[in-house]
Amino acid sequence: MHVMHAEVGWVEVICGPMFSGKSEELIRRLRRAQIARQPLQVFKPAIDDRYHATQIVSHSRAAIEAVPVKDSEELARRVRRDTRVVGIDEAQFFDDGLVEVVERLATRGSRVVLAGLDQDYAGAPFEPMPRLMALAEYVTKTLAICMRCGAPAGRSQRLVPDGEQVLVGATEAYEARCRACHSPRAEATTRELFGGDGGE
Ligand code: ADP
Ligand code: ZN
């Protein structure tokens, strides 16, 4: 006897600080799905316009096409019925509505793969990532290498003074730091501290 059952979906979250390889890992997983001819759609928040508007590009220059959307409602609207894999980058820049949209997609049978910052530059949880991590079947935490001491780095150090505006995607304004070397306030760069320009 054949038992009919609905196709099963699930949620994968890739989280960590800046420069930890989240986009690289997201692109790697999505490429494999593409090669296997799984119907795929990739989204990113429209506010993140670094490098190229219709692509996700990692710091190591890996890239994949992505559709910029202004919020979770537009994302939900653009997902086609036959889509089996949904990729979402920079998930921390979405509104809280993303949580429900992701739940719905996975329940109706999609594999949803998200990447995003789990902490802001002060080290505080970055919504809606904590809730996405809680509901996910798989959570991968990527780490960078601390620019000061070489330890595994889970935090993003802001280098531009507090109060001064930093453009989204201005990666030169941040560097990866471990917990011991991280400060919740903006700080000088490793280059300024140890480089040849005469100290602090
Ligand atoms: P994320 O999406 O987490 O910001 P990316 O996938 O865009 O990360 O980029 C990861 C790449 O960043 C690494 O492969 C490496 O080339 C580069 N990189 C720059 N700074 C660091 C660092 N401190 N530690 C590790 N990788 C770094
Ligand atoms: Zn360190």
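Mentor: Residues are numbered from 1 along each chain as written, while chains are lettered from A and ligands numbered from 1 in written order. Because the model is predicted, local features need pLDDT of at least 70 and side-chain atom pairs pLDDT 80 or more, while totals for chains, interfaces and linings use all residues; side-chain values use heavy atoms, without hydrogens or water.

Trainee: Which protein atoms are the donors of the zinc ion (ligand 2)?

Mentor: Donors are N, O and S atoms within 2.8 Å of the metal (3.2 Å for Na, K and Ca). Here they are the SG atoms of Cys-146, Cys-149, Cys-178 and Cys-181, 2.3 to 2.4 Å from the ion. Their spacing along the chain is C-x2-C-x28-C-x2-C.

Trainee: What is the geometry of the site of the zinc ion (ligand 2)?

Mentor: Four donors count as tetrahedral if all angles lie between 85 and 135 degrees. The ideal tetrahedral angle is 109.5 degrees. At this zinc ion (ligand 2) the angles are 102 to 117°, and the site is tetrahedral.

Trainee: Is Cys-178 buried or exposed?

Mentor: Buried means under 20% relative accessible area, exposed over 50%, partly exposed in between (1.4 Å probe, protein chains only). Cys-178 and Cys-181 are both buried.

Trainee: How many bridges join strand S11 to S12?

Mentor: Strands are DSSP runs (E, at least two residues), numbered from the N terminus, and two pair if DSSP finds at least two bridges between them. S11 (residues 155-158) and S12 run antiparallel, joined by four bridges. Arg-158 stands opposite Tyr-174 in S12.

Trainee: Why does Arg-111 count as buried?

Mentor: Arg-111 counts as buried because its relative accessibility is 18%. Arg-111 belongs to strand S7 (residues 111-117).

Notes. Four donors count as tetrahedral if all angles lie between 85 and 135 degrees; four count as square planar and six as octahedral if opposite donors are over 155 degrees apart and all others between 65 and 115; anything else is irregular.
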